[in-house]
Amino acid sequence: MNTADLSARLGCVGRTWTPQQRLHVGNVAWASAQGDGSTAPDLSLEWGDPLRGFADIWLPESAAEQATVALHLAPGMPTRQLANAINDVLEVAPRVTVEVSLQQAEIVSALVDQGFRQADGPWFAQLWRSLDDLTDLQAHRVPDGCSIRRVHPDEVTERVEVHRRCWDPARIKQMLNLPVTGDERGSSYSVDKHLAVMGTPVYRADLDLVAEAADGSLVAFGLGWLDPQSGSVLFEPVGTAPTHTGRGLARALCAEMLRVARGLGATQAVVGPRGDSAYPVPRRLYEGLRMHEVAQIVPFTNG
Ligand SMILES: CC(C)(COP(=O)(O)OP(=O)(O)OC[C@H]1O[C@@H](n2cnc3c(N)ncnc32)[C@H](O)[C@@H]1OP(=O)(O)O)[C@@H](O)C(=O)NCCC(=O)NCCS
């Protein structure tokens, strides 16, 4: 994505942000660098000037399958414009799966009017907390032998390596209770992707935190995205290496992220873990930081 398109999208998402909407500026930046493992979309659509909505579309391999659509339509868009935007998507991709916030009722009803229904399958919870009073965070002490700090500028390789260990597909399969075959490929995260993340206008090294073990290796990380306009910080992504889980490291790191973010002016924090019971650990991590559900991001389909 070129710089002008990215800044138009960041402006569009940030201008009308509410904790109930699907995207935060951090999600937009993270996806633009393909940090989320996505490939480049086959098609993109945009609405409004200044931008009020956009969609990325991944077309299916065969006509029998559905396209995957990542859609953002700004809160407050008139009903007719919502319907027109959905029609534009259906013109290029007649059968579609799209994730929507159930709390953006106007988008849900525009989809239902066009024959969409909620689909089964994984969904995401949007968890939120205020940063007014952070005294509860004192309970989340850094485990013995570890320290939490911002990443150093000369540590890109190590930073990428800890991300890759945390998000190793075989490890994620284990956490999902899926069979591990040994044929799994490694994480797609790379130095190039991390440099792309660092090149986005909303990346801040002071919210790129790592946990260092006694032997100097990096064993956990968390990336925070601050939106100064709404005073909100998003965690995306977070990880603890399999060798160091269950010791309170991720919680201590996220607690530090919240303190740093508040020092930078944030007043609220959000994160979007899986909401369904197939992948419960991240939700438990964040709920232990007093973050609570304010929205459900669920798949809708017309297939
Ligand atoms: C999710 C993840 C970051 C947790 O890291 P962690 O350092 O083990 O987390 P903490 O030790 O701070 O524990 C947080 C909570 O999760 C629980 N937990 C951690 N690992 C668990 C496991 N394997 N099974 C069940 N609960 C687990 C802890 O008990 C704790 O909950 P509790 O205090 O209510 O009992 C780590 O498992 C990970 O990197 N997973 C892969 C990447 C990922 O899913 N990241 C989060 C995406 S939003």
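Trainee: Which residue has a polar backbone atom 2.8 Å from an oxygen atom of the ligand?

Mentor: The residue is threonine 240, which places a polar backbone atom 2.8 Å from a ligand oxygen; a polar contact is a pair of N or O atoms within 3.5 Å. The model is a predicted one, in which local features need pLDDT of at least 70 and side-chain atom pairs pLDDT 80 or more, while totals for chains, interfaces and linings use all residues. Residues are numbered from 1 along each chain as its sequence is written, and side-chain values use heavy atoms, with hydrogens and water left out.

Arginine 251, by contrast, uses its side chain, in which an N or O atom is 2.6 Å from an oxygen atom of the ligand. The ligand on its own has 920 Å² of accessible area (Shrake-Rupley method, 1.4 Å probe), and the protein covers 76% of that 920 Å².

As for the segments involved, α6 (169-175), β10 (232-240), α8 (249-263) and α9 (281-287) each give two or more residues to the shell. Helix α9 provides the largest share of the shell, namely five residues.

In total, 21 residues surround the ligand, each with a heavy atom within 4 Å of it. The closest are Gly246, Gly248, Arg251, Tyr279 and Arg284. By class, the shell holds twelve nonpolar, five polar and four charged residues; Asp, Glu, Lys and Arg count as charged, Ala, Val, Leu, Ile, Met, Phe, Trp, Tyr, Cys and Pro as nonpolar, and the others, including Gly, as polar.

Strand β10 contains proline 237, and the peptide bond joining glutamate 236 to proline 237 is cis, with omega about -5°. Another cis peptide bond runs from aspartate 49 to proline 50, with omega near 5°; proline 50 lies in the loop between β1 (43-47) and β2 (53-58). Asparagine 177 is placed in the loop between α6 and α7. Its phi is near 60°, a positive value in a residue other than glycine.

How values were computed: Polar contact = N/O pair within 3.5 Å; in protein donor to acceptor, adjacent residues only side chain to side chain. Helix = DSSP H or I, 4+ residues; strand = E, 2+ residues; numbered from the N terminus.
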